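Subject: Handover of the structure and what was found in it

Dear colleague,

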Amino acid sequence: MKTLIIPCAGKSSRFPGMPPKWLLKYPDGELMVRKSIQGLPLEKFERIIVTAVKEHVEKYDAEILLRNAFSFLPEDKFDLCVLDDFTSCQAETIYKTLKICNVSSTFSVKDSDNYIKMNLGDNDNYVTGIDIQNFSKEVERLAGKSFLKINDQRIITDIIEKRIVSNYVSIGMYGFSDVNIFFEAYEHLKNNKSVESEIYLSHLISYLIGTQKSVYSYVEADDYEDWGTSKDWYAILEKKKTYMINVEDVLLKKNQSYDNGKYLFDENNLKVVKELSDEGAQIILLLSMDEEQSEIIEKQLMEFDIKIHRTISNCYIS
């Protein structure tokens, strides 16, 4: 039985003056915490636990919001773990969650403030990451990430916090095969005075690798979006806008040429719309033409890999 834990017990200090970040809504209406697991193979998990702090749960009616957000799951698959107070670090949050919810199985931990699309495979001990040399998107704040050293067999030899030591960035999803080994590692690091006050999961994994108790595999993500700060979040919102485009005045050439069953487009404006679509914007086409002609234009635009959300024909564009 595999368990997925999504820790949401932080103070959201990087989102000042706002509700807890995991309760913010993505442009498609989903809560951030729900959106954060949308790219995961959820069928591999028999239990999904969201851990939050009592103060946030009560102030924002978070239990209702969460149960609605996760209503797509069978009722016995979702759990809310409520902590009495904020913890000192994510590792402590996971430690308390495992204890309170009596987790005894293989478990994974997924940050609530990013999106990861991945194929988990049969891995139990693993860290998910990306190769920044081959990843198609720019990754911000690299100096604040943890980096992975991996060998030719895709086995992690070390994980190092906030130091760029390789091309491989850990992006906030981890697998642990043994609860008791996790307990032992956390308790050891907590009682070790040489360890800095905030214990990251990367510290635990590095310790377990170093003591040869565990072997961790590297699992590469297919896609990744980071929402770790309000700047990151607003950058995503900026890209995910809805654009209603007056096709006849903006995209078609001014003479609205129609040649051999195809319309001719303004190349500069077409390029801009293609860039917006590629970044995740929602494109709605507005045309005064009838449905038959509108369909011809829509099909032509789709040939440029422009994703069309909706085409509205026979509408006023004055």
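How many nonpolar, polar and charged residues does the lining of the second largest pocket have, by class? That lining has nine nonpolar, three polar and 16 charged residues, where Ala, Val, Leu, Ile, Met, Phe, Trp, Tyr, Cys and Pro count as nonpolar, Asp, Glu, Lys and Arg as charged, and the others, Gly among them, as polar.

Before the rest, two remarks on the basis of these notes. This is a predicted model, in which local features need pLDDT of at least 70 and side-chain atom pairs count only at pLDDT 80 or more, while totals for chains, interfaces and linings use all residues. Residues are numbered from 1 along each chain as its sequence is written, and side-chain values use heavy atoms, with hydrogens and water left out.

Pockets and cavity

The search runs on a 1 Å grid over the protein atoms alone: a cavity is a set of points where a 1.4 Å probe fits but cannot get out, a pocket is an open set with protein on both sides within 12 Å along at least five of seven lines, and lining residues have an atom within 4 Å of a point. Grid points are joined across faces, edges and corners, and a volume is the space filled by probe spheres set on the points. Helices (H or I, at least four residues) and strands (E, at least two) are DSSP runs, numbered from the N terminus.

The second largest pocket has a volume of about 730 Å³, and of the 28 residues lining it, Lys 137, Tyr 224, Glu 225, Ile 236 and Lys 239 are the closest to its centre. Two or more lining residues come from each of S11, H7 and helix H9 (267–278), and H7 gives the most, with five residues.

The largest pocket holds about 1100 Å³ of space. Its lining comprises 38 residues, of which Lys 21, Gln 90, Asp 113, Glu 198 and Tyr 200 lie nearest the centre. The elements that contribute two or more residues there are S1, helix H4 (90–100), S9, H6 and S11, with S9 giving the most, at four residues. By class, the lining of the largest pocket divides into twelve nonpolar, 15 polar and eleven charged residues.

The whole structure contains one cavity of 30 Å³ or more, and the largest cavity has a volume of about 40 Å³. Among the residues lining the largest cavity are Phe 176, Phe 182, Leu 208 and Tyr 216.

Aromatic contacts

Rings of Phe, Tyr and Trp (its six-membered ring) pair if their centres lie within 6.5 Å; planes under 30 degrees apart count as stacked, over 60 as edge-to-face and the rest as tilted. By this rule the count comes to 14 aromatic pairs. One of them is tilted, because the rings of Tyr 26 and Trp 227 have their centres 5.6 Å apart and their planes at 50°. This pair links distant parts of the chain, 201 residues apart, with Tyr 26 in the loop between strand S1 (3–8) and helix H1 (32–35), and Trp 227 in the loop between strand S11 (223–226) and helix H7 (230–239). Burial is judged by relative accessible area (buried under 20%, exposed over 50%, partly exposed in between, with a 1.4 Å probe and protein chains only). Tyr 26 counts as buried at 8% relative accessibility, and Trp 227 likewise counts as buried, at 0%.

Phe 176 and Tyr 216 form an edge-to-face pair, 6.1 Å from centre to centre and with 75° between the planes. Phe 176 lies in strand S9 (residues 168–176), and Tyr 216 in the loop between helix H6 (201–210) and strand S10 (217–220), 40 residues apart.

Just after H6, Gln 212 takes a positive phi of about 60°.

Strand S15 (residues 282–286) is mostly covered, with four of its five residues buried. Two strands pair if DSSP finds at least two bridges between them. Five bridges join strand S12 (residues 242–246) to S15 in a parallel arrangement, and four bridges join S15 to strand S16 (residues 308–312), also parallel. Asn 246 stands opposite Leu 286 in S15, while Ile 284 stands opposite Arg 310 in S16.

With best regards
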